[in-house]
Amino acid sequence: MKLDGRVSVITGAGSGIGAATAILFASGGARVALVDLDDKGLQEVRREIGAGRASVLEFKEDVSDSGAAERTIQAVVREWGIVEVLVTSAAISTGGTVTTITEKDWDRVFAVNTKGTFLWARAVLPHMIRAGRGSIITLASQLALAAGRGSAPYVASKGAVISLTRSIALDYAQYGVRANVIIPGAIETPMLERSFVRKADPEAARECSRQRHPLGRFGTPQEVAYAALYLASDDSSFTTGAQFVVDGG
Ligand code: NAD
């Protein structure tokens with residue numbers, strides 16, 4: 001199996017892309033540590049992976065809390081001795097433009113999406129450096145490249161995730177650690193649905209978003225998870241600092 005025994009920490013594992021990634025990694029033989037604020041989501045993913053499997057750990061934590069990142073990674077290392085893969089999928093999207101977003105909401109989006117990527121990378125890196133290998137996989141968004149109306153804090157936070165990932169790739173390549181960012185288009189998850197419901201005409205917004213994709217449809221969480229599987233596995237051993245676009249064209 002591609003990820004035989006590989007110790008993987010996945011944030012945002014309780015829903016959408018993070019959940020699909022956790023399930024795919026576990027089916028590929030990985031040991032998975034699931035992190036999310038949503039306890040119910042974590043339980044559902046654990047059930048789907050298979051109750052009673054010794055290779056799953058769950059952590060109900062807020063990714064924007066630096067204590068949580070350190071605590072969780074220490075617990076994973078105590079249990080399994082190493083961290084080989086980190087996937088940072090936890091994120092929020094509030095909508096808003098520069099003139100409508102409140103400062104508090106701006107700060108929260110950056111705390112979860114951008115700081116929540118930095119903190120978890122910081123917590124795993126010493127262990128990856130010690131092991132002389134590791135793969136950090138972050139999640140940005142096609143909106144960070146093309147922009148999108150009414151979502152300024154989210155778009156900006158994801159632009160920062162791209163830059164941060166490429167910085168990590170450069171700074172830690174010498175230790176055998178790779179860092180790559182997945183850039184999805186619109187993917188059928190609760191986050192996407194919430195972004196339409198926020199609009200005055202959700203159906204028109206859904207159709208407009210669909211038309212941005214030359215393949216004529218939204219992606220599935222599994223289609224993004226396959227990109228993460230590739231980046232986590234040794235098949236991608238010469239790939240670092242890459243912007244891995246999965247956006248239906
Ligand atoms: P989702 O809302 O289905 O899942 C996100 C998960 O993150 C949820 O389980 C949520 O509880 C968790 N989460 C949110 N804040 C958290 C916090 N502070 N601490 C811990 N967990 C927290 O979203 P998704 O669509 O699966 O998105 C996954 C990733 O993909 C995100 O980074 C998102 O920005 C990115 N992305 C999604 C799309 C899309 O169309 N769905 C497109 C591009 C990028």
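Helix 4 and helix 6 pack against each other at an angle of about 15°, their axes 8 Å apart. (Helices here are DSSP runs of H or I with at least four residues, strands are runs of E with at least two, and both are numbered from the N terminus; axes are lines fitted to C-alpha atoms, for helices over the stretch in contact, with angles from 0 to 180 degrees between N-to-C directions.) That angle makes the two helices roughly parallel to each other, given that angles under 35 degrees count as roughly parallel, over 145 as roughly antiparallel, 65 to 115 as roughly perpendicular and the rest as oblique. The model is a predicted one, in which local features need pLDDT of at least 70 and side-chain atom pairs count only at pLDDT 80 or more, while totals for chains, interfaces and linings use all residues. Residues are numbered from 1 along each chain as its sequence is written, and side-chain values use heavy atoms, with hydrogens and water left out.

Helix 4 passes helix 6 in a right-handed crossing, the term for a near helix turned clockwise from the far one by less than a right angle, with anticlockwise giving left-handed. On the helix 4 side, the contact (heavy atoms within 4.5 Å) includes Trp 106, Phe 110, Phe 118 and Leu 125. Helix 6 brings residues including Tyr 154, Val 161, Leu 164 and Tyr 172. Sorted by class, the contact has 16 nonpolar residues, four polar and one charged. For this count, Ala, Val, Leu, Ile, Met, Phe, Trp, Tyr, Cys and Pro are nonpolar, Asp, Glu, Lys and Arg are charged, and the others, Gly among them, are polar.

Helix 4 also has a partner in helix 3 (residues 66–80), with an angle of about 30° and axes 8 Å apart. Helix 3 and helix 4 are therefore roughly parallel to each other, and this crossing is right-handed. Among the residues that meet here are Ala 69, Ile 73 and Val 77 in helix 3 and Leu 119, Trp 120 and His 127 in helix 4. The class count for helix 3 with helix 4 comes to eight nonpolar, three polar and three charged residues.

Seven strands make up an open sheet in the order 3-2-1-4-5-6-7, with parallel pairing; two strands pair if DSSP finds at least two bridges between them. In general, strands of a sheet pair through backbone hydrogen bonds, either parallel or antiparallel. Strand 3 (56–60) and strand 7 (243–246) sit at the edges, each pairing on one side only. Ignoring direction, neighbouring strands of this sheet are turned by 15° against each other on average.

Helix 4 (residues 103–131) lies across strands 1, 2, 4, 5 and 6, running at about 180° to strand 4. Helix 6 (residues 152–172) lies across strands 5, 6 and 7, at about 160° to strand 6. Thr 88 lies in strand 4 and is buried, with a relative accessible area of 2%. (Buried means under 20% relative accessible area, exposed over 50% and partly exposed in between, with a 1.4 Å probe and protein chains only.) Leaving aside neighbours within four places in sequence, Thr 88 is in contact with residues including Thr 11, Thr 117, Trp 120 and Thr 138.

A further helix pair involves helix 1 (residues 16–27) and helix 9 (residues 221–232), whose axes come within 8 Å and cross at roughly 55°. Helix 1 and helix 9 are therefore oblique to each other, in a right-handed crossing. The contact is made by residues including Ile 17, Ala 20 and Leu 24 of helix 1 and Pro 221, Val 224 and Leu 229 of helix 9. It divides into 11 nonpolar residues, three polar and no charged.

Ile 17, found in helix 1, counts as buried at 15% relative accessibility. Beyond its neighbours within four places in sequence, Ile 17 is in contact with Ser 89, Leu 139, Pro 184, Ile 187, Thr 189, Pro 221 and Val 224. The C-alpha atoms of Ile 17 and Glu 188 are separated by 9.0 Å, although the two residues are 171 residues apart along the chain.

Finally, Ala 147 is found in the loop between helix 5 (143–146) and helix 6. Its phi is near 65°, a positive value in a residue other than glycine. At 39% relative accessibility, Ala 147 counts as partly exposed.
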